[in-house]
Amino acid sequence: MKIRIGTFNLFQFVEPPYSWYTKKEKFTIIEWEEKIAWIKKQINSMNCDVIGFQEVFSKDALKELVLELGFKYFKTIDTPKTDKKNENVYISTIVALASKYP
């Protein structure tokens, strides 16, 4: 059996209304929808069985996205941290792993 493995830097995977690092750095709903569509297209073209993801802030949104694409197994390392002064601003990213196999 062959298993294809890939990596994907998502570059600020932050679901609205949240932002990254500063309050003003965030996606609009339209930008987010375009980003999700582009990511799905890229994942499909990668044709991988296991993918490691970097720059994950919105882990639940990523889990939902990869489940839609047939990745039944999803794990994250740690939890992204938010600013103590504003919980809508993420100040650290995490990594994640999605797989079609246990």
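**Exercise 1. The loop of Pro 17**

Between which two strands does the loop with Pro 17 lie?

Solution. The model is predicted, so local features are given at pLDDT of at least 70 and side-chain atom pairs at pLDDT 80 or more, while totals for chains, interfaces and linings use all residues. Residue numbers start from 1 along each chain as its sequence is written, and side-chain values use heavy atoms, with hydrogens and water left out.

Step 1: strands are DSSP runs of E with at least two residues, and helices are runs of H or I with at least four, numbered from the N terminus.
Step 2: Pro 17 sits in the loop between strand 1 and strand 2 (19-20).
Step 3: the peptide bond that joins Pro 16 and Pro 17 is cis, with omega about 15°.
Most peptide bonds are trans, and most residues other than glycine have a negative phi.

**Exercise 2. Positive phi**

Solution. Step 1: Asn 47 belongs to the loop between helix 1 and strand 3.
Step 1: its phi is positive, about 55°, although Asn 47 is not a glycine.
Step 2: with a relative accessible area of 48%, Asn 47 is partly exposed. Buried means under 20% relative accessible area, exposed over 50%, and partly exposed in between, with a 1.4 Å probe and protein chains only.
Step 3: Glu 55 is in strand 3, and its phi, near 60°, is also a positive value in a residue other than glycine.

**Exercise 3. The sheet and its helices**

Give the strand order of the sheet, name its edges and place the helices on it.

Solution. Step 1: four strands form an open sheet in the order 1-3-6-4, with mixed pairing. Two strands count as paired if DSSP finds at least two bridges between them.
Step 1: the edges are strand 1 (5-13) and strand 4 (73-77); each has a single partner strand, so one side of each has no neighbour in the sheet.
Step 2: from one strand to the next, the twist averages 20°. Axes are lines fitted to C-alpha atoms, for helices over the stretch in contact, and angles between N-to-C directions run from 0 to 180 degrees.
Step 3: strand 3 (residues 50-56) pairs with strand 6 (residues 94-99) in the antiparallel sense over five bridges. In this pair, Val 56 stands opposite Ile 94.
Step 4: helix 1 (residues 29-46) packs on the sheet and touches strand 1 and strand 3, and its direction makes about 170° with that of strand 1. Contact here means heavy atoms within 4.5 Å.
Step 5: helix 2 (residues 59-68) also packs on the sheet, touching strand 1, strand 3, strand 4 and strand 6; its direction makes about 160° with that of strand 4.

**Exercise 4. The nonpolar core**

Which residues of the largest nonpolar core touch the most other members?

Solution. Step 1: a nonpolar core is a set of buried Ala, Val, Leu, Ile, Met, Phe, Trp, Tyr and Cys residues joined through side-chain atoms within 4.5 Å.
Step 1: the largest core has 27 residues, and Phe 13, Ile 43, Phe 53, Leu 62 and Val 66 touch the most other members.
Step 2: at least two core residues come from each of strand 1, helix 1, strand 3, helix 2 and strand 6. Helix 1 gives the largest share, five residues.
Step 3: leaving aside residues up to four places away in sequence, the contacts of Ile 43 include Phe 8, Phe 53, Leu 65 and Val 66.

**Exercise 5. Salt bridges**

How many salt bridges are there?

Solution. Step 1: a salt bridge needs a side-chain nitrogen of Lys or Arg within 4 Å of a carboxyl oxygen of Asp or Glu.
Step 1: the count is two.
Step 2: Glu 68 pairs with Lys 40, with the closest N and O atoms 2.6 Å apart. Glu 68 is in helix 2 and Lys 40 in helix 1, 28 residues apart.
Step 3: Lys 81 and Asp 78 form a salt bridge at 3.3 Å, N to O. Lys 81 is partly exposed at 38%, whereas Asp 78 is exposed at 53%.

**Exercise 6. Aromatic pairs**

Solution. Step 1: rings of Phe, Tyr and Trp (its six-membered ring) pair if their centres lie within 6.5 Å; planes under 30 degrees apart are stacked, over 60 edge-to-face and the rest tilted.
Step 1: the structure has eight aromatic pairs.
Step 2: the ring centres of Phe 8 and Trp 38 are 6.0 Å apart and the planes are at 80°, so this pair is edge-to-face.
Step 3: Phe 8 is buried at 7% relative accessible area, whereas Trp 38 is partly exposed at 48%.
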